[in-house]
Amino acid sequence: MPIYEFRCLKCNQISELLFLSAEDQREIKCPQCGAEDLERVLSTTHYSMAPSPGAPKASSTTKTCAGGSCSTLEIPGLGD
């Protein structure tokens, strides 16, 4: 059951809609202003994974860049 986020092009409100299946058809309206002109936006995600005992751990490096600060996340096992 995917949850999609949409941005109203009239009032800029972002809202979430739950779809029960791929065939789920519904009228999509902004809950703030009622407009039907919406665009789908990429949702942010947060997750964490517990490492196996004895496995190398992820690490991050932060540097100062022209636009502020930049971070690089080193994940063991990727790109090996």
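This is a predicted model: local features need pLDDT of at least 70, side-chain atom pairs count only at pLDDT 80 or more; totals for chains, interfaces and linings use all residues.

Q: Why is serine 15 called buried?
A: Its relative accessible area is 13%, and buried means under 20%. You'll find serine 15 in strand S2. Setting aside neighbours within four places in sequence, serine 15 is in contact with Tyr4, Glu5, Phe6 and Pro31.

Q: Why does leucine 18 count as partly exposed?
A: Leucine 18 has a relative accessible area of 38%. The partly exposed class sits between under 20% (buried) and over 50% (exposed), so leucine 18 belongs there. Leucine 18 is in strand S2, residues 14–18.

Q: Why is the contact between arginine 7 and glutamate 39 called a salt bridge?
A: The N to O distance between their side chains is 3.1 Å, and the cut-off is within 4 Å. So the pair qualifies. The structure holds one salt bridge.

Q: What does that pair tie together?
A: Arginine 7 is in strand S1 (residues 3–8) and glutamate 39 in strand S3 (residues 38–41), so the bridge links parts 32 residues apart in sequence. Arginine 7 is partly exposed at 25% relative accessible area, and glutamate 39 is partly exposed too, at 34%.

Q: Which residues make up the largest nonpolar core?
A: There are seven: Phe6, Cys8, Leu17, Phe19, Cys30, Ala35 and Leu38. To belong, a residue has to be buried and joined to the set through side-chain atoms within 4.5 Å. As for cysteine 8, its contacts beyond four places in sequence include Cys30, Ala35 and Leu38. In general, nonpolar side chains in soluble globular proteins tend to be buried together.

Q: How do you know whether strand S4 lies in the open or is buried?
A: Count the buried residues: of the seven in S4 (residues 59–65), the number is zero, so the strand lies largely in the open.

Q: What makes S4 and S5 a strand pair?
A: Pairing needs at least two bridges, and S4 and S5 (residues 68–74) have seven, in the antiparallel sense. Threonine 62 stands opposite serine 71 in S5, and a hairpin of two residues joins S4 to S5.

How values were computed: Residues are numbered from 1 along each chain as its sequence is written. Side-chain values use heavy atoms; hydrogens and water are left out. Buried means under 20% relative accessible area, exposed over 50%, partly exposed in between (1.4 Å probe, protein chains only). Contact means heavy atoms within 4.5 Å. Helices (H or I, at least four residues) and strands (E, at least two) are DSSP runs, numbered from the N terminus.
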